[in-house]
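Please work through the exercises below with the sequence and the model at hand, trying each task before reading its solution.

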Amino acid sequence: MITTIGIFAACVVGLLVLSYQFENSWKFLSGTYLFILNVPDLTPNVGLFWYFFTEMFDHFRLFFICVFQINAFIYLVPLSMKLRNDPAFLLYILMALTAIFKSYPSYGDSAVYLALLPVWSHLLTYVRNGLIIAAMFFVVTLLMPVMWHLWIISGSANANFYFAATLAYSLAQILLVTDLLYGYLRREFDLRNSEKDRMVDGKPIPVELQ
């Protein structure tokens, strides 16, 4: 693990130094990493940041930027500890969380992890809110362009209409992630306990759930 972190840190530092050599300045940081962290552009998108920071008083801005941005990192350690034996699924969950909580999300971010959902089709048996999640994705996909048109084009609605649709979109993604995590842990529980309970001639029978 230490070796992996060291290689990752060396690659990041190398890329930063290379970027400095090309630009001959560190100003590129303000247009890349710092831009994402500071959220200076509040153009409406499918995320949650733009509405909150549009309505917020400036003297609270730094505090709430820290609160919002920590969502992109706070889940890394507990999930890494719990899913340490399945790094592929850990990567998938972190991709989904990044798409939900990043400051400038897009449909493309969600499309990446949704396109990989069939890889974990064996977990869908354990999903509890599949119909609700599918319905929410379908409805908000239709509602968001409608609310955008009513707000921006025709002027017959306001930002609250569009934000309500984006909030439901984020909620659908959160429900999907939590259900997948529940399904993964439940399946692991069933595998462990099935192997303990099924015995023939005093020997456990290995059980594989497809």
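Accessible areas here come from the Shrake-Rupley method with a 1.4 Å probe, and for residues only the protein chains shown count as cover. The model is a predicted one, in which local features need pLDDT of at least 70 and side-chain atom pairs count only at pLDDT 80 or more, while totals for chains, interfaces and linings use all residues. Residues are numbered from 1 along each chain as its sequence is written, and side-chain values use heavy atoms, with hydrogens and water left out.

**Exercise 1. Overall form**

Solution. Begin with the elements, taking helices (H or I, at least four residues) and strands (E, at least two) as DSSP runs numbered from the N terminus. The protein chain has 9 helices and 2 strands, and their order from the N terminus is α-α-α-α-α-α-α-α-α-β-β. The C-alpha trace spans about 70 × 50 × 30 Å along its principal axes.

The accessible surface comes to about 13,700 Å², and 70% of it belongs to carbon and sulfur atoms. Buried residues (under 20% relative accessible area, whereas exposed means over 50% and partly exposed lies in between, with a 1.4 Å probe and protein chains only) make up 30% of the 210 residues. With contact meaning heavy atoms within 4.5 Å, residues 24 or more positions apart account for 61% of the contacts with a separation of 6 or more.

**Exercise 2. Aromatic pairs**

Determine how Trp-50 and Phe-163 are arranged, and do likewise for Phe-89 and Trp-120.

Solution. Rings of Phe, Tyr and Trp (its six-membered ring) pair if their centres lie within 6.5 Å, and planes under 30 degrees apart count as stacked, over 60 as edge-to-face and the rest as tilted. A search of the whole structure finds 25 aromatic pairs. In one of them, Trp-50 and Phe-163 lie 6.1 Å centre to centre with 85 degrees between the planes, an edge-to-face arrangement. This pair links distant parts of the chain, Trp-50 being in helix 3 (residues 49-55) and Phe-163 in helix 9 (residues 159-197), 113 residues apart. Both residues are buried.

For Phe-89 and Trp-120, the ring centres are 5.1 Å apart and the planes stand at 75 degrees, so this pair is edge-to-face. Phe-89 is in helix 6 (residues 87-101), and Trp-120 is in the loop between helix 7 (107-115) and helix 8 (130-153), 31 residues apart. Phe-89 is buried, with a relative accessible area of 0%, and Trp-120 is buried at 10%.

**Exercise 3. A loop tyrosine**

Locate Tyr-75, and state which residues it contacts beyond its neighbours within four places in sequence.

Solution. Tyr-75 lies in the loop between helix 4 (61-69) and helix 5 (76-82). Its relative accessibility is 30%, so Tyr-75 counts as partly exposed. Leaving aside neighbours within four places in sequence, Tyr-75 is in contact with Leu-97 and Phe-101. The C-alpha atoms of Tyr-75 and Leu-97 are 8.5 Å apart, and the two residues are 22 residues apart in sequence.
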